[in-house]
Every structure is written in structure tokens, then in C-alpha cells.
Amino acid sequence: MTAKWMKYVPFEDGEFDQFPAGDCVVVYGSMNLANHVAKVRPWTPGVWTDLQALRASTYLAHWGKFSVQRDYGMFPLGEVRRLLPRLLERFGEDGRIFLRPNENDKSFSGVVVSENNFDRWYVQNARCYDLDPTSLAMVSRPQKILSEHRFIVADRQVVTGSKYRRGE
């Protein structure tokens, strides 16, 4: 089999003409890459994923008690600004909340925002990422995380894993 590494830069077309439409191509990479390939290249199989299953609201319904964000709320992103005083009261710590998109497409990165910088964060991200104010966002209490790891479990056994992020 031929394997090719392609550099994917979000919001750019990239090198997707290396294989003709309809070719047998399997794509591995980020959710944004998968969504982009699904839209611009009708490869077989191309990409496959269950976007519904990857939503925070879906997996937390099953695994919430194991999540760092056990106590959370889901709100339309456009309402977070209006509700910020109440959200800080309910979920805040030191005038800050943790915010992440419900979808797993990284429309914005999970972030700790303060009452003082929320408007700046929102305007900057809305401009850069064309945020949909109707999309759901998870709001929860900020947690200090020293290191994040991801694991794949099959038949009650860890079959692989990796360090995802360390520090801030």
C-alpha cells in the first residue's frame, strides 16, 4: 500500500489532489481534517466517525461520573456572555470558569476564562473561528491538571494510550 504524509493546515486546501476522487484512501488525523476531507474528497472509505458519539453531551451522559468535569452545565455559546454572572456564581472559582465546545470539532479550544477577559476572548474567537452562538458549550469549574493522558480500552483492557498534554 502507498502511504503519504500530508500537512494539513486548517482553512487551507492542502495537498488533497494527491489521490483522485473515488480512490481507496484512508485518512487519519484530527476531527477538523476528517470533516474537511469528508466535504472536499469523496474517497472510499475516506473518513468515518460518529460525530454524535464524540459530543461531550453524549459521552458525559454515560461516563460523567469519571470525568474531570463531573459538575457542569450546557448552554448556547451566545448565552454564556449574558449568563456569565450566574455561571460564575454556580461554576466559578476565583472569577473564572472552564469553557469547551460540546462538539468535538474544536470550534474553540477548551479554555479557562475570567470575568475580566471573557468579552475579549469571545470577540477574538468569534472573529477567528466564526463561532456559532447557537452551538452548545460546556461550562464547569476550572481544575488544575498537571498532565492529560488518553487511553483506548477494549474488552476491559487498555490497548493503547498516550500523553496528550502536560502543564498549562
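Are Phe 108 and Trp 121 buried or exposed? Phe 108 is buried, and Trp 121 is buried too. Buried here means under 20% relative accessible area, exposed means over 50%, and partly exposed is in between, with a 1.4 Å probe and protein chains only.

A word on the model before going on. This is a predicted model, in which local features need pLDDT of at least 70 and side-chain atom pairs count only at pLDDT 80 or more, while totals for chains, interfaces and linings use all residues. Residues are numbered from 1 along each chain as its sequence is written, and side-chain values use heavy atoms, with hydrogens and water left out.

Now the overall layout. The chain has four helices and eight strands. These are DSSP runs, numbered from the N terminus: helices are H or I with at least four residues, strands are E with at least two. In sequence order the pattern reads β-α-β-α-β-α-β-β-α-β-β-β. The C-alpha atoms fill a box of roughly 55 × 40 × 30 Å along the principal axes. Of the 168 residues, 27% count as buried.

Contacts next. A contact means heavy atoms within 4.5 Å. Take the contacts with a separation of 6 or more: residues 24 or more positions apart account for 45% of them.

Back to the rings. The whole structure holds five aromatic pairs. Phe 108 and Trp 121 have ring centres 5.2 Å apart and planes at 80 degrees, so this pair is edge-to-face. Phe 108 is in the loop between strand S4 (96-101) and strand S5 (111-114), and Trp 121 is in helix H4 (residues 118-129), so the pair ties together parts 13 residues apart in sequence. The rule: rings of Phe, Tyr and Trp (its six-membered ring) pair if their centres lie within 6.5 Å; planes under 30 degrees apart are stacked, over 60 edge-to-face, the rest tilted.

What sits over the ring of Tyr 164? The charged end of Arg 150 does, 3.5 Å from the ring centre. That calls for NZ of Lys or CZ of Arg within 6 Å of the ring centre and within 35 degrees of the ring normal.

Last, Thr 58. This residue is in helix H2 (residues 56-63). Its relative accessibility is 18%, so Thr 58 counts as buried. Setting aside neighbours within four places in sequence, Thr 58 contacts Gln 52 and Ala 53.
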